[in-house]
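Biologist: I would like to go through the labels attached to this model and hear what each one rests on.

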Amino acid sequence: MQLKQVIIVHKARDSQGQAWAEKCARQLEKRGCHVLIGPSSAKDNPYPVFLASVMQNIDLAVVLGGDGAALAAARHLAPAGIPILAINIGGHLGFLTEPFEAFKESEQIWDRIIEDRYAVQRRMMIEALLFEGDSRQHSFATGTNLEPVSDRYLALNEMCVKPASADRMITSILEMEIDGEVVDQYQGDGLIVATPTGSTCYTLSANGPILHDGMEAIAVTPICPLSLSSRPLVLPAGSIVSIWPLGDYELNTKLWMDGVMATPIWPGQRVDVRKADCYAKFIILRENNSYYKTLREKLQWAGARFHYSNNHRH
């Protein structure tokens, strides 16, 4: 990979991340690379400025933070196909990031990237669009549909539809269609539509299934449903999940993408969630990268507490 233009994003108000970002910028600039650097948080979004200001392609995005910073980078950079090197500095779980220990010799990292001594992991993303009225009957009969009334929203982990109220705990009634066919009505705290990557995040806490991140599939998980028969579903990646909020016109239902508010939804509107046409691309530096090892360590399964060989089987 050529490193002619690189963006470096660090977790806002994190002194360690900022110091490492500045150190990396100096190292890359000595190699003749043009570097853009900025903070990232819920209120700081450097990506639109970066993407609008560059005159040539961005070769690499270095993201110094936790999973939240990596998710934000994926949402903004995946449509442009920009690979992401995410390093866990100031993060917590770190499902999406490379460990900080692997990054301490950063000069060697740039050599490895220039010499193509790394792996790239593609992760499926999903997108959501908001529609006004019931245009689904035309969509599946004729292959056409009404124009959406929202922007396209992207997520690497999940889309979540939940009610919102400042003065009461409320229960939503959500009707779900899959490929135009009504499947169920869910009464509870909301619905999560997740990717395999997102199956170890909010979906996991809602007792949803864990899906291998190399798969392409969609998991639908109800949040605290008021029915024991409401169960999670795993769907083919080509499915279109439509969610309708029903009932209370004073109830403000919202669509969330990776935990970030996307748009309000009102009765009479629906959200269509489907596989996106782009993938998040993450640089993998670890030579012994293992999905199951990640599960053991991050979820504190037995293998993370007791390290042993398989000799006990003989």
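**Labels and their grounds**

Modeller: The model is a predicted one. To start with Gln18, its relative accessibility is 36%, and on that value the residue counts as partly exposed.

Biologist: Why is Gln18 called partly exposed?

Modeller: Buried needs a value under 20% and exposed a value over 50%. Gln18 has 36%, so partly exposed is the class that remains. The residue is found in helix α1.

Biologist: How far apart are Gln18 and Tyr292 in sequence and in space?

Modeller: They are separated by 274 residues in sequence, and their C-alpha atoms are 32 Å apart.

Biologist: What makes Thr197 a buried residue?

Modeller: Its relative accessibility is 7%. The limit for buried is under 20%, so Thr197 falls in that class. Thr197 is found in a loop, the one between β10 (190–194) and α6 (202–205).

Biologist: Which residues is Thr197 in contact with, neighbours within four places in sequence left aside?

Modeller: Those residues are Leu96, Arg123, Leu156, Asn157 and Asp213.

Biologist: Why is the pairing of the Thr197 and Arg123 side chains called a polar contact?

Modeller: The distance is 2.9 Å. A polar contact is a donor and acceptor pair of N or O atoms within 3.5 Å, so the pair qualifies.

Biologist: How do you know that the buried residues of α4 lie on the same side of the helix?

Modeller: The buried residues of α4, which spans residues 106–114, are Ser106, Ile109, Trp110, Arg112 and Ile113. They cover an arc of only 160° around the axis, and therefore lie on the same side of α4. An α-helix has 3.6 residues a turn, so residues three or four places apart point the same way.

Biologist: What covers those buried residues of α4?

Modeller: The cover includes α1 (15–30), β3 (60–65) and β4 (84–88). Just after α4, Asp116 has a positive phi of about 60°.

Biologist: What makes the buried residues of α7 a one-sided set?

Modeller: Tyr291, Thr294 and Leu295 are the buried residues of α7. Their arc around the axis is only 100°, which puts them on the same side of α7.

Biologist: What is found at the start of α7, and what just after the helix?

Modeller: At the start, a side-chain oxygen of Ser290 comes within 3.3 Å of the backbone nitrogen of Tyr292. Just after α7, Gln300 has a positive phi of about 55°.

Biologist: What volume does the largest pocket have, and what lines the pocket?

Modeller: The largest pocket holds about 970 Å³ of space. Its lining has 50 residues, with Gly66, Asp67, Gly68, Ala69 and Leu71 nearest the centre. The elements that give two or more residues to this lining are α3 (67–77), β5 (119–132), β16 (269–284) and α7 (291–298). The largest share, 7 residues, comes from α3.

Biologist: How does the lining of the largest pocket divide by class?

Modeller: There are 20 nonpolar, 19 polar and 11 charged residues.

Biologist: What volume and lining does the second largest pocket have?

Modeller: Its volume is about 210 Å³. It is lined by 15 residues, and Thr97, Pro99, Arg286, Glu297 and Lys298 lie nearest its centre. By class, 2 are nonpolar, 7 polar and 6 charged. α7 gives the most to this lining, with 4 residues.

Note on methods:
Residues numbered from 1 in each chain as written. Predicted model: local features only at pLDDT ≥ 70, side-chain atom pairs only at ≥ 80, totals over all residues. Heavy atoms only, no water. Buried < 20%, exposed > 50% of the residue type's maximum accessible area, 1.4 Å probe, protein only. Contact = heavy atoms within 4.5 Å. 1 Å grid on protein atoms, 1.4 Å probe; cavity = no way out; pocket = protein on both sides within 12 Å on 5 of 7 lines; lining within 4 Å. Points joined across faces, edges and corners; volume = space filled by probe spheres on them. Nonpolar A, V, L, I, M, F, W, Y, C, P; charged D, E, K, R; others polar. Arc of directions from axis to C-beta.
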